[in-house]
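These are my notebook entries on what I looked up in this structure, kept in the order in which I went through it.

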Protein chains: 2
Amino acid sequence: MENSKRTCTCGQLTAADAGKTVILNGWVHRTRELGGLTFILLRDRYGITQVVVGDKAADDVKKIAAQLKSEYCIAVKGVVAARNEKDINKEMSTGAIEVEAQEIEVFTTAQTLPFQIDEVRQKDGTVVLPNEDLRLKYRYLDLRRAPMQNHIILRSKVTFAVREYLTKLGFLEIETPTFIKSTPEGARDYLVPSRVHPGKFYSLPQSPQLYKQLLMVSGFDKYFQIARCYRDEDARGDRQPEFTQIDMEMSFTDRDEVLTVTEGMLGHVFKETLGYELPVHFDRISWDDAFDLYGSDKPDLRFDMKMQDAAFMADLADFNAFKAGAANASKTIERHKRSGLKALVVKNVADKFSRKNIEALEAVAKTYKAKGLAWMKIDAAGKFEGGISKFYAGKEDEICSKLNAQKNDLLLFVSDEKWQVACVALGAVRKQLGKDLNLYNPADEFHFAWIIDFPYFAWNEEENHWETEHHMFTLPQKKYWDTLESDPGSVKGDLYDLVMNGYEIASGSMRINDPALQERIFEIVGYSRERADKAFGFLVNAFKFGAPPHGGIAPGLDRLVMLMCHEDSIKEVIAFPKNTLAQSPMDDCPSYVDDAQLKDLHIVCTEREGE
Amino acid sequence: MENSKRTCTCGQLTAADAGKTVILNGWVHRTRELGGLTFILLRDRYGITQVVVGDKAADDVKKIAAQLKSEYCIAVKGVVAARNEKDINKEMSTGAIEVEAQEIEVFTTAQTLPFQIDEVRQKDGTVVLPNEDLRLKYRYLDLRRAPMQNHIILRSKVTFAVREYLTKLGFLEIETPTFIKSTPEGARDYLVPSRVHPGKFYSLPQSPQLYKQLLMVSGFDKYFQIARCYRDEDARGDRQPEFTQIDMEMSFTDRDEVLTVTEGMLGHVFKETLGYELPVHFDRISWDDAFDLYGSDKPDLRFDMKMQDAAFMADLADFNAFKAGAANASKTIERHKRSGLKALVVKNVADKFSRKNIEALEAVAKTYKAKGLAWMKIDAAGKFEGGISKFYAGKEDEICSKLNAQKNDLLLFVSDEKWQVACVALGAVRKQLGKDLNLYNPADEFHFAWIIDFPYFAWNEEENHWETEHHMFTLPQKKYWDTLESDPGSVKGDLYDLVMNGYEIASGSMRINDPALQERIFEIVGYSRERADKAFGFLVNAFKFGAPPHGGIAPGLDRLVMLMCHEDSIKEVIAFPKNTLAQSPMDDCPSYVDDAQLKDLHIVCTEREGE
């Protein structure tokens with residue numbers, strides 16, 4: 001072909017283009033022979049166009065067409081022809097036309113593929129994917145699959161929409177260093193040995209936290225960065241050695257403004273990328289309420305079903321298991337003035353739930369440290385039956401009225417002397433029911449809420465001292481400033497998490513800007529001045545030169561996009577992720593390196609894997 | 001103050017706001033007492049507003065005002081007052097007003113500063129800066145200085161404009177991994193020891209090159225990323241361990257399209273951020289011409305003064321030094337059909353240039369391996385004088401006509417049997433003259449040009465083999481495909497550099513997408529299949545599954561912004577750079593880490609700095 005550069009994409013042509021001569025570039029998605037004709041589905045990231053090599057095609061074109069195989073990369077020159085009405089494929093954007101090939105050029109051929117690019121579905125509609133390591137080994141082919149193309153394209157659109165919104169508000173995107181000082185607090189750091197300074201190491205940031213706070217000290221006022229972060233964590237769950245967060249920080253601000261900016265940003269992102277309208281403001285739920293009502297600080301709010309306090313039931317019968325939960329026995333319970341006897345009313349399922357179903361739920365509750373899951377059903381006559389019903393026979397009216405329960409409902413209870421244990425266990429049951437019964441509100445595809453008023457300190461039982469729930473730069477709420485030392489357990493922090501569909505997708509706080517207050521926090525958590533200085537000295541020092549009030553937040557990009565794609569692993573929205581062992585099967589990474597490289601870095605290895 | 005949150009910034013108020021009650025937040029830039037009044041210049045990143053604490057102010061406000069020192073971070077509540085005509089300061093955006101303080105709240109105080117935030121100027125106007133390590137130690141204060149604020153703000157605007165332009169063209173921003181396999185080609189890699197896989201290492205990318213090419217194999221078609229890159233190079237010049245590039249790659253494209261997209265992007269960036277109009281297209285100069293005319297592959301084109309071939313002069317006189325240069329002696333000269341006798345005509349300076357001036361220029365030429373710098377002047381009568389004039393007496397007409405020289409011009413010559421040596425040396429003289437004589441065209445503040453048609457291979461004299469000038473994935477120009485092995489020295493690559501004001505700011509190429517052609521290149525440069533496989537196997541493998549024609553480019557963001565700021569170090573446009581020893585004095589990085597951390601990583605250090 002004289003000039004094989006495309007004149008349009010494979011997703012572009014419509015009936016209005018009939019008669020035009022075009023050049024298409026792309027991959028052979030599929031070919032088929034029919035009645036002496038060869039049909040080629042040609043694919044690029046914009047769509048698929050059907051190419052026909054017909055009777056009238058030149059012999060050499062027919063010959064090339066006959067040799068084409070899946071995933072050959074080719075150019076086709078031809079004339080756009082409208083399809084007959086009956087041949088129109090409404091599922092393809094280009095389904096109204098086909099291109100009659102006049103010339104075909106093969107850019108490059110393709111070997112036999114390790115797996116099919118086209119979707120393979122089982123009879124029940126489930127998509128069959130190759131195993132993960134094979135997908136990752138041939139990630140460049142896995143990325144050709146339509147769902148992966150869509151995810152990566154959506155991710156790109158999300159980041160642009162974030163930048164567009166924040167830039168319009170006057171935020172500056174500022175790059176912070178990824179070679180920083182190791183501060184062995186929190187998760188494990190990844191280290192980079194220095195060649196120039198033997199024995200010394202750079203650390204890769206777990207987040208730009210300290211640097212974005214320094215930028216506030218510098219007066220930049222509204223900062224953001226879509227920042228790569230690193231955590232050397234053990235392989236469990238859906239973790240990656242490197243991940244990306246939408247890191248934000250503002251000065252001369254307050255909590256409400258940070259939340260409002262975040263809401264506006266997400267609203268813009270969802271509208272621009274998915275055409276989905278989020279509410280202008282998200283509900284705010286206190287940390288206490290989140291546990292009390294949903295048993296989690298990241299509740300799934302796509303369905304309502306709240307847990308209820310059932311302390312009143314301890315007095316209605318002589319059922320020992322409920323006494324402990326109802327009593328305000330532990331320090332924790334006193335603190336929250338809530339009981340450890342929690343109830344869940346599952347509407348209209350009593351006739352459907354077998355003992356086996358309930359045992360499965362009890363197993364869930366026990367995983368979360370509950371001693372058991374008490375239950376009873378309300379039968380068609382309005383009487384309790386099964387489980388613990390014998391203790392409460394005759395109390396139907398009082399209990400049903402207080403818990404707002406009706407005929408055919410299932411009542412579930414967890415009782416524990418620790419309020420939080422009861423909440424978490426029954427909350428896990430709630431979450432499981434949401435999934436099992438598909439309680440999700442279809443009009444509520446993406447449900448966001450803020451969790452606020454977190455406890456500032458947590459008591460470390462093992463080491464017998466207070467520590468901060470979040471990081472040590474979080475501002476305690478002002479009303480507790482006088483009682484930080486005398487009653488740390490009651491202190492609430494100016495902390496906020498954003499939850500979405502049961503996942504935490506952002507965490508943030510207002511920060512301390514007063515060096516004296518910062519010193520008090522270090523003291524309460526038992527940090528010596530030396531330890532604090534070594535780890536955070538440069539930030540505390542910076543605060544001695546006029547630090548503004550400031551605060552921020554950092555939504556996780558990977559998880560946000562994952563949820564937008566309705567996926568359940570962030571690997572599905574990262575172009576080249578690592579497997580659960582933090583390896584890349586594609587490029588064999590990590591790998592051994594030359595001894596000369598290590599010598600340059602003044603290090604030797606004490607062990608080699610498998611040796 | 002009840003509520004101290006700002007209602008407007010310190011750069012916002014004009015006479016139209018007179019009478020309004022406002023709250024400002026910012027830093028005390030300067031205070032001064034005058035006639036019983038206190039004037040406070042309050043600064044934030046948007047500007048400076050003058051606050052007045054007058055007679056009528058409450059006593060406690062006066063008291064606070066009296067205690068304010070530089071860089072205290074404060075809130076001021078007050079009423080906007082228009083200044084008298086004579087008091088209007090036209091150099092401040094808020095110079096038409098001042099704010100009469102009613103309340104002042106000190107957010108945080110500031111210790112004595114290590115250096116002044118305000119600009120300190122010498123009598124000659126030169127700005128006096130603290131030494132670099134002090135600036136970097138207190139970088140958060142250095143960043144408060146107006147020039148640094150402007151640089152960081154401009155950098156943010158540049159990156160947004162880049163994204164805006166490329167996104168509009170359908171480019172996707174895709175994040176590539178920063179934990180990759182070490183391929184010990186090119187510069188030294190930074191390594192990250194793996195905890196989970198003892199003895200193995202991740203490497204930080206010198207660029208996303210291989211991954212962006214894989215994205216083309218995946219069909220993403222138009223990729224970009226503002227990407228952090230890492231090179232462990234020796235401390236010289238203006239280098240940083242981590243730097244940022246605007247990484248781009250396109251499929252189904254050709255060189256012209258890559259250049260056009262880049263031109264369009266830069267045009268958009270300059271217009272949006274500086275209001276500066278770049279030409280729609282930049283000049284294209286072949287690599288041969290760049291050396292022949294300017295003695296450099298990154299010529300400064302803000303002034304014209306081209307070098308000329310002066311081979312004809314060797315026949316005009318019996319001047320031995322010119323014979324070697326004029327002869328087409330070496331292989332290099334034959335290849336380019338250009339001589340090693342180069343002339344530079346410096347217009348109208350003969351009467352100003354002393355022997356000492358010329359000796360200084362000769363020193364420059366010798367730094368670049370010239371044996372000497374021959375010269376003569378044309379006097380007021382049109383006669384040659386000084387230097388080598390005795391050899392050419394009487395040849396004035398011929399020489400002046402061929403070189404287009406006139407009375408009072410200075411003629412400079414370098415002669416070398418190697419064409420490139422002569423060009424480079426006289427080119428350095430040209431560059432020096434540009435600076436010394438300030439030859440820059442003031443209407444040409446930013447001058448871009450493309451350097452194209454690079455030699456593909458270079459002969460490594462020491463190791464006695466061919467190597468590639470750029471990387472090994474560059475496409476040789478098609479017309480040389482048949483003679484790659486038989487005449488490597490003549491092969492031109494489909495390579496292009498973008499130069500700006502004498503700096504290379506981008507480098508790119510069309511890439512090989514045919515595995516067989518790639519193998520030929522590996523063979524010519526003497527890469528065994530094993531070595532090639534180990535380093536690049538996964539890319540070459542990917543090319544076996546239908547790789548599209550593709551190419552790209554990667555402008556350096558740091559250098560681009562540096563030149564836009566008229567700075568001469570990239571440190572001036574990076575928020576938290578390292579010093580020349582790759583250290584950050586602010587957070588003492590790199591630093592020693594706990595032995596436990598190293599133990600986790602299965603490494604020990606063989607040496608500790610200074611021990």
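Which domains does the domain assignment give for chain A? I was working with a predicted model, and in it the assignment gives domain 1 (15–108), domain 2 (147–284 + 553–598) and domain 3 (303–439) of chain A. I then looked up how far apart the centres of domain 1 of chain A and domain 3 of chain A lie, and over C-alpha atoms the separation is 63 Å.

**Entry: the interface of the two chains**

I turned next to the interface, where 127 residues of chain B are in contact with 127 residues of chain A. The size of an interface is often given as the accessible area lost when the parts come together. For chain B and chain A I noted that about 11,200 Å² is buried between them, with 58% of it on carbon and sulfur atoms. Of the area that chain B buries against chain A, E175(B), F252(B) and F545(B) supply 7%, which is more than any other three residues give.

The rule for polar contacts finds 80 residue pairs across the interface of chain B and chain A, where both residues are at pLDDT 80 or more. Which helix gives the most to the side of chain B that touches chain A? I found that helix α4 (residues 146–168) of chain B does, with 10 residues. That side of chain B divides into 61 nonpolar, 30 polar and 36 charged residues.

**Entry: strands**

I also looked for strand pairing from chain to chain, and found that strand β25 (residues 603–605) of chain A pairs with strand β25 (residues 603–605) of chain B in the antiparallel sense, over three bridges. In this pairing V604(A) stands opposite V604(B).

Within chain B I followed an open sheet of five strands, whose order is β14-β15-β18-β16-β17 with antiparallel pairing. Its edge strands, each of which pairs on one side only, are β14 (307–309) and β17 (384–385) of chain B. Inside the sheet I checked strand β16 (residues 374–378) and strand β18 (residues 410–415) of chain B, which run antiparallel and are joined by four bridges; there A374(B) has F413(B) in β18(B) as its bridge partner.

**Entry: D118(B)**

Where in chain B is D118(B) placed? I located D118(B) in the loop between β5 (97–108) and β6 (120–121) of chain B. Once its neighbours within four places in sequence are left aside, D118(B) is in contact with H29(B) and R30(B). The side chain of D118(B) makes a polar contact with the side chain of H29(B) at 3.3 Å, and another with the side chain of R30(B) at 2.5 Å.

**Entry: backbone angles**

Most residues other than glycine have a negative phi, and most peptide bonds are trans. With that in mind I noted a cis peptide bond between C589(A) and P590(A), with omega about 5°, and a cis peptide bond between C589(B) and P590(B), with omega about 0°. P590(A) lies in the loop between α16 (557–564) and α17 (595–600) of chain A, while P590(B) is found in the loop between α16 (557–564) and α17 (595–600) of chain B. Lastly I looked up N404(A), whose phi is near 55°, a positive value in a residue other than glycine, and which lies in the loop between α12 (396–403) and β18 (410–415) of chain A.

Conventions: Residues numbered from 1 in each chain as written. Chains lettered and ligands numbered in written order. Predicted model: local features only at pLDDT ≥ 70, side-chain atom pairs only at ≥ 80, totals over all residues. Heavy atoms only, no water. Domains from an automatic or database assignment. Contact = heavy atoms within 4.5 Å. Buried area = accessible area lost by both parts, 1.4 Å probe. Polar contact = N/O pair within 3.5 Å; in protein donor to acceptor, adjacent residues only side chain to side chain. Helix = DSSP H or I, 4+ residues; strand = E, 2+ residues; numbered from the N terminus. Nonpolar A, V, L, I, M, F, W, Y, C, P; charged D, E, K, R; others polar. Pairing = 2+ DSSP bridges.
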